[in-house]
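Please look through the model below with its sequence at hand. The paragraphs after it go from one site to the next.

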Amino acid sequence: ANATPVVTLPRVQAHRGASGVRPENTMTSFREALAQGASWTEFDVKLSKDGVPLLYHDKDLKRTSGREGLIKDFTFAELQDFEAGAWFGAEYAGEKIPSFEEVMQFHIDNGMQANIEFKPSDGEEDETVKAVVEMLERIWPKDRPKPLFSSFKHRCLEVARDIAPAYPRGLLTYDELDNWKADAERLVCAAIHPWHKTLTPDLVKAFKQAGYGIATYTVNDPVRARELVAMGVDSIITDHPAVMIDALS
Ligand code: G3P
Ligand code: MG
């Protein structure tokens, strides 16, 4: 019952969309990722106060919306009045915080695949996973491979494993790698998503020997990307998908 679902990782994933040239986690960033030839994107999901899953990296509104306060303290309707683009450039003013539903519908309409990173606000691990799974069960075509889930939060992967075992899971790691094997086994992961600066040939070999796919973040230097692929990394998560597709083809 707990067999690991398989994931076929793409060579390149557009990190928060094409966030090198567009405001991260917005619709224009995903349209640009598609225009740059990306078949997969990665993005960050959390909940509004009224439980609507949406795309936003930070827990607070300061950096990309220029406001005080936390995402989780505003309803989705209230958040629609806030900026998500102007911080990146005046030409993106008016860009909104997108709902998870709108972003997934865009992926469906354009035949794209997604690495959905659970980035819950504090204490909202369970609800965030449940809301994402509910939406996917409602709108994601049954005949297409299921999107990939990932998280630094073990609780999110645990809930996903238990309520939606058919969705493949990737274990995100930062600089703490001592327990990767036990964690990946317990959370029944298909892939490991390490920070690229922690990767060595031996570690990549160990991941592969244990049977895991490897998607590493965030790589914007083509030379480094080629080195990582030569080590055995499957997938490069990048802010500049076109540059990476070109460098790795
Ligand atoms: O999923 C890979 C990467 O997005 C993890 O870090 O902070 O960019 O969400 P972060
Ligand atoms: Mg992310």
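By class, the shell around ligand 1 in this predicted model is made up of five charged, three nonpolar and two polar residues. The residues concerned are His-15, Arg-16, Glu-42, Asp-44, His-57, Glu-117, Lys-119, Phe-152, Leu-172 and Tyr-217. Three of these side chains can be described by their distances to the ligand. Arg-16 places a polar side-chain atom 2.7 Å from an oxygen atom of ligand 1. For His-15, an N or O atom of the side chain is 2.8 Å from a ligand oxygen, and for Asp-44 the corresponding distance is 3.1 Å. Ligand 1 taken alone exposes 290 Å², and 91% of that is buried by the protein.

Asp-44 also takes part in the metal site. The magnesium ion (ligand 2) is coordinated by Asp-44 through OD and by Glu-42 and Glu-117 through OE, at 2.0 to 2.2 Å. Along the chain, these donors follow the spacing E-x1-D-x72-E. Glu-42 belongs to strand S2 (residues 40-47) and Glu-117 to strand S4 (residues 113-118), so the pair ties together parts that lie 75 residues apart in sequence. Glu-42 and Glu-117 are both buried. Both glutamates are also among the residues around ligand 1.

Most residues other than glycine have a negative phi. Arg-16, in contrast, has a phi near 55°, a positive value in a residue that is not glycine. Arg-16 sits in the loop between strand S1 (12-15) and helix H1 (27-35). With a relative accessible area of 16%, Arg-16 is buried, the cut-off being under 20%.

The last stop is helix H8 (residues 201-209). Which residues of this helix are buried? They are Leu-203, Val-204 and Phe-207. These three cover an arc of only 100° around the axis, which puts them on the same side of H8. Pro-201, Asp-202 and Gln-209 are exposed, on the other side of the helix. For these three, exposed means a relative accessible area over 50%.

Terms used. Residues numbered from 1 in each chain as written. Chains lettered and ligands numbered in written order. Predicted model: local features only at pLDDT ≥ 70, side-chain atom pairs only at ≥ 80, totals over all residues. Heavy atoms only, no water. Near = heavy atom within 4 Å. Polar contact = N/O pair within 3.5 Å; in protein donor to acceptor, adjacent residues only side chain to side chain. Areas by Shrake-Rupley, 256 points an atom, 1.4 Å probe, with all protein chains shown as cover. Nonpolar A, V, L, I, M, F, W, Y, C, P; charged D, E, K, R; others polar. Donors = N, O, S within 2.8 Å, 3.2 Å for Na, K, Ca; no water. Helix = DSSP H or I, 4+ residues; strand = E, 2+ residues; numbered from the N terminus. Buried < 20%, exposed > 50% of the residue type's maximum accessible area, 1.4 Å probe, protein only. Arc of directions from axis to C-beta.
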